[in-house]
Amino acid sequence: MSVYLAVVRRILSMIVTLIGVSIIIFIVLRLLPGNAVQASLGVSEGLLTHAQIAALDKYYGVGQPAVQQYFSWLHATLTGNLGVSLVSRSAVSTLIGTALPVTLELAFFAMLIGVLIGVGFGMWSGLHPGRWQDDLGQGVSVVGLAIPTFILGTLLVVFMASKFHYFPSSLPFVGIATNPWLNFQQIIFPALVLSLGIGAAILRTTRAAVLEVENLNFARTALGKGVSRRAFIWRHLFLNSLTAVLTMSGIQFGYLLGGTVIIEQIFILPGMGRLLITSITNRDFPVVQSVTLIFAAGFVIVNMLVDLCYALIDPRTRKR
Amino acid sequence: MKRIFGLRGVAAAALALSSVAVFSTSIEGSSASAAGSTFVIGTVNSVQKIDPDIVTNFLDFEALGLIYNTLVQENSKLQIVPDLATSWAFSNGNKTLTLQLRQGVKFDDGSTMTSADVVASLTRAQATATADPSASFIGSVTKIAASGPNTVVLTMSHPDVSVLEGLATVNMAIMPAAAITAGTIATTPDGTGPFEYSASVPNTSFTMTANPNYWGGKPALATVELETIPTEQSIAAALEAGTIQMGLLSQPTVVNSIPKSYPQQGVLDLSYRALQLQDKKGVLSNKDARLAIACATNRKQILQDAVFGKGKVVGPVPLGPYASNPVSSICPTQNLTQAKKYLKLAGKPKGFTFTAITSTDLDSTSGAQAIAMQSELAKVGIKMNIQNLASNAYIQDWLKGKFQAAFAENGADPDPYVMYGRYFGAGADLAVPAGYSSASLKSELLAGDENSTAAGQKADWAALSKNLTSNAVWIWLFDSYDYAVMSPTVKGFTLSPVNTTQLSSLANTSVS
């Protein structure tokens, strides 16, 4: 019962967080100089008469009071209608419906590879402290944390294109159901680039957790009782290190969403990050608000799932 | 444990090394099929709007310029040549323009173009509710009337031969009167150009198919897609990977990184970089102070630092039959001695300080231009502070004239009246950001606009260039190249210097 109450409490706090985020986004966007008309026209706005500008303001709906704009957007969002893009006049839900699966797929693969790299190398390093395996693991983590993803991504794109005439992401993006093989090729390389930083952080956490757990009393007792090496590693070390790994993975997911913004630009993926950048440039507020809200919701939901997973993997937390 | 990791490590390394080669082989089929059916052009921009009367983004002009025609157009030599009007004549002291229309032209909806469509199109462009940014180009037109099915007569309030240049912009596209009445232009493009609108994915791609009824003959390219690729480096990579057939680029460093086996075309585009000055207040209201800046400016060095020398130092009229020659009547090249003399005349022998705004969002080279100029001006004691602004902040300040100096990239036109009438002419729309006005400039602009003889116009526009530079109204700097890099299989494409119709030769392009 306490778990259910905790879930309800987390959902309520998530709603409050998202409302707060929506207000902050709304205010920040309005503090930016310019509006959709100016972003659309640039300096050509000076060529229009006041009457022409008034006609465009009406067309873009930029003349409404800010409070009215916020509540009409909030009302529309709560009723499932995210509004219409000021620039393309497409429904925001359609734009997000096209972009979100791309980013989710990218994030999934990046997390998967990052966790595999991080946990694998982290366990390996932690089991061989001070030896060459540990040095190699530490080296991988330093490289992963030190190289910015935009540099690694650009280098990979240029290398593949110039040496192998290969840049699958530059073909029109295809969904996984349409052409799974081409879809895999389009996603795997940006996911690899994104995963390196994630893997490096998880690697360090896993290594530290393994070293810590290895020296706890219960671990030494288990070894003393003659538990096999394999069982000791997977049942005792791995499972007991998992809480720290999970926490780090949840945090990394937040950075991952930020990373997709840059990687989608370099690898030409029509995802949420690219949609966000374009919409900010165009002062396309309905799109920016909705995309940011979805990013925030994603972050909050993942962290809530991480909290719930604690209860699954560590029985002690269920009693709290 | 050690053994398991070791084997897996070797397997993973082998997989990683072979994966690119395996993928590469498999992708060739995909790219070949894409290339075979669709001609893909990579560009960092995306098509935003599809109503030709309201577009301002260069790529919108390019795309809609392939779907629509105008009455006249500018050719690669920047001369006005026929498009939907086959001939024209000014009369009544250059206050009446009569245009004869091309016959047998069909819109995408199958209807035949008549003078009624032209009247409806130009009337729509003039209407306040349309908010056509080029409406002022035909602002002198008081009456648009059909004279038979294939003749249109424009009546102007005053002599205005520049109206012809105004009719060449895509903002004056000809569309069916029925579509205007039905209000479908903003959602369904319907023109007479070589291509028909097919599909548009916001911020991603814009697709057109060959118009089988095009009056100039059906294009060889069946489908053309403008694909948005956010970075120029990624465009170069896509070109080398064979997934696009052409890339539109502006950064010389990226162009130089592409192997020479990919044909490259570079043209000086119809734009110019200038340091605009607010000449009505502060130290820059002193003409000699402005001339000191003009003489201390090393335009070649700025060109080198900003675009690696890939461009041309230009004056107020950068290209076309009336191009400024010399580029400046005062100090066409850097002259520090003369600059110091002007400083003394200005009563500032030790120099002065002013602030220039840039926006690297709008023009990525503006930062390099500003730094180069800053170091040159410092040689005579002029201190130029640089303030870099986000694009919208820059635009707001620029429109309100809230700057002392502004590094700007402005659109140009072969007709100096079209270029500068909006800044310095009578009732100029952009008089505030222009920051300068004089009766002599107004009268020179008017004289050139009213004069229909070639020799007379040449003299009028030479006087305008001299007036602008001898007063150091602004400091004109350079014009840079636009590039198209393409697959070796592309034939018949020529990049036009006219920014808004650079892709017009796609109608005659093929892939071998």
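User: Between which two elements of chain B is the loop in which Ala131(B) is found?

Analyst: This is a predicted model, in which local features need pLDDT of at least 70, side-chain atom pairs count only at pLDDT 80 or more, and totals for chains, interfaces and linings use all residues. Residues are numbered from 1 along each chain as its sequence is written, while chains are lettered from A and ligands numbered from 1 in the order in which they are written. Helices (H or I, at least four residues) and strands (E, at least two) are DSSP runs, numbered from the N terminus. In these terms, the loop that holds Ala131(B) lies between α3 (115-126) and β6 (141-146) of chain B.

User: Is Ala131(B) buried or exposed?

Analyst: Ala131(B) is a residue other than glycine whose phi is positive, near 60 degrees. A residue is buried if 20 or more other C-beta atoms, placed from the backbone, lie within 10 Å of its own, exposed if 12 or fewer do, and partly exposed in between. Because Ala131(B) has 23 C-beta neighbours inside 10 Å, this residue counts as buried.

User: How many other C-beta atoms lie within 10 Å of Ile268(A)?

Analyst: Ile268(A), found in the loop between α10 and α11 of chain A, is not a glycine, yet has a positive phi of about 55 degrees. Ile268(A) is buried, and the number of other C-beta atoms within 10 Å is 29.

User: Which element gives the most to the side of chain A that touches chain B?

Analyst: Two residues are in contact if their C-beta atoms, placed from the backbone, lie within 7 Å, and 51 residues of chain A are in contact with 44 residues of chain B. The elements of chain A that give two or more residues to this side include α2 (36-41), α3 (50-60) and α7 (149-164). With seven residues, the element that gives the most is α7(A).

User: Which helices of chain B do the buried residues of α13(B) pack against?

Analyst: Helix α13 (residues 416-424) of chain B is mostly covered, since eight of its nine residues are buried. Among these buried residues are Pro416(B), Tyr417(B) and Phe424(B). The buried residues of α13(B) pack against α4 (163-166), α14 (431-434), α15 (439-450) and α16 (454-470).

User: What is the omega of the cis peptide bond that joins Asn325(B) and Pro326(B)?

Analyst: Pro326(B) lies in the loop between β14 (311-313) and α10 (336-345) of chain B. The cis peptide bond that joins Asn325(B) and Pro326(B) has an omega of about 0 degrees.
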